[in-house]
Amino acid sequence: MIDPVQELKKHASDVVPLPTAVPGNTPIYQTASATGHRALWVVFVIMLLASLTFYIMAFRVPVQKRLFHILTAFITTFATLSYYAMAVGDGVGKNKITIKHTQKHFPDTYDVIYREVYWARYVDWSITTPLLLLDLCFLAGVNGASILVAVVADIIMILTGLFAAFTVEESPKWGWYAMACLAYLVVIYQVAFNGRQTAKQKDNKTATFYASIGGFTLILWTLYPIIWGVADGSRNINIDSEIIAYAVLDILAKVGFGFWLLFTHDNMANSASIDGFWSNGLGKEGTLRIGDDDEGA
């Protein structure tokens with residue numbers, strides 16, 4: 001006679017245990033903590049103080065020599081606005097990412113991740129990086145056509161990075177990222193090759209200074225896509241680490257760059273001087289005349 005209890009015990013090890021918890025039911029929120037928010041406020045204050053300093057430096061030189069001061073002050077001014085927006089929570093959105101887990105004996109499960117994306121940062125970069133390129137191109141004396149190519153490539157780089165940050169599917173996201181990297185190669189060519197060749201036609205001091213500050217800028221700019229790859233791209237670092245990494249780069253690439261450029265340029269004997277419209281406005285021959293027509297009077 002077969003004992004049913006013994007038979008159940010005998011085959012108990014053949015039964016696959018049921019999971020006690022099903023993954024993917026609770027969304028995962030990747031957001032900044034108090035540390036990240038404090039970092040944003042700190043950088044906001046640094047950018048604000050730098051902007052005020054650059055404007056004061058601009059007013060201490062003749063208007064003919066203020067080109068680099070004004071451009072550099074605009075860079076940190078827009079960065080100030082961006083960091084304020086991020087610090088108060090107005091310049092941030094969330095990207096929803098769904099990760100599928102394939103199970104062998106059970107139905108597939110899904111993890112839903114909501115990761116913060118600071119879109120104000122991309123607005124900042126789309127304005128400040130072209131201004132920074134203008135600083136470099138004017139310092140080297142690059143022609144207008146090359147400046148236009150560099151600025152457009154730079155804007156494409158930033159916009160494709162923004163699209164990648166909000167893209168859900170992995171393949172399109174890295175496709176946008178690849179486009180951004182290609183655009184960055186164009187920027188590198190204009191700054192490292194074209195700009196340096198043009199700067200060499202000037203005096204040795206200007207050529208040496210351009211090579212130094214241009215190389216410094218490109219090294220920092222190359223770190224940005226690396227951080228993006230491990231942050232918004234693969235999500236291997238948390239939001240706080242992302243904020244702090246970008247904050248350090250922004251301070252070096254904008255504030256550090258600005259002080260280095262202005263102090264060195266002001267001490268150069270042949271610093272750029274611009275007259276004409278920049279210094280004097282529209283001349284008498286180019287002004288509009290309204291209600292002052294002598295003909296027919």
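**Pocket, cavity and surface patch**

Helix α7 contributes the most residues to the lining of the largest pocket, namely six. The model is a predicted one, in which local features need pLDDT of at least 70 and side-chain atom pairs count only at pLDDT 80 or more, while totals for chains, interfaces and linings use all residues. Residues are numbered from 1 along each chain as its sequence is written, and side-chain values use heavy atoms, with hydrogens and water left out.

**Largest pocket**

- The largest pocket has a volume of about 410 Å³; a pocket is an open set of points on a 1 Å grid over the protein atoms alone, with protein on both sides within 12 Å along at least five of seven lines, and lining residues have an atom within 4 Å of a point.
- Among its 23 lining residues, M157, I158, W221, Y224 and P225 are the closest to the centre of the largest pocket.
- At least two lining residues come from each of α4 (119-140), α5 (144-166), α6 (170-199), α7 (204-233) and α8 (239-266); helices are DSSP runs (H or I, at least four residues) and strands likewise (E, at least two), numbered from the N terminus.
- The lining of the largest pocket comprises 17 nonpolar, four polar and two charged residues, where Ala, Val, Leu, Ile, Met, Phe, Trp, Tyr, Cys and Pro count as nonpolar, Asp, Glu, Lys and Arg as charged, and the others, Gly among them, as polar.

**Cavity**

- One cavity of 30 Å³ or more is found in a search of the whole structure; a cavity is a set of grid points where a 1.4 Å probe fits but cannot get out.
- The largest cavity holds about 50 Å³ of space, a volume being the space filled by probe spheres set on points joined across faces, edges and corners.
- Its lining consists of N95, I97, R115, V117, A165, T167, K173, D232 and R235, which divide into three nonpolar, two polar and four charged residues.
- Strands β2 (93-101) and β3 (109-117) each supply at least two residues of the lining of the largest cavity.

- F74, F78, L81, W119, V123, I127 and F166 make a nonpolar surface patch of about 570 Å²; patch residues have over 30% relative accessible area and no salt bridge, and nonpolar side chains (Val, Leu, Ile, Met, Phe, Trp, Tyr) are joined within 5 Å.
- A salt bridge is a side-chain nitrogen of Lys or Arg within 4 Å of a carboxyl oxygen of Asp or Glu.
- Accessible areas come from the Shrake-Rupley method with a 1.4 Å probe, and for residues only the protein chains shown count as cover.
- Helices α3 (67-87) and α4 each supply at least two residues of the nonpolar patch.
- F78 lies in helix α3 and counts as partly exposed because its relative accessibility is 31%; buried means under 20%, exposed over 50% and partly exposed in between.
- V149, in helix α5, is partly exposed, with a relative accessible area of 40%.
- The C-alpha atoms of V149 and V187 are separated by 8.1 Å, although these residues are 38 residues apart along the chain.

How values were computed. Patch = residues over 30% accessible without salt bridge, like charges linked within 9 Å, V, L, I, M, F, W, Y side chains within 5 Å. Buried < 20%, exposed > 50% of the residue type's maximum accessible area, 1.4 Å probe, protein only.
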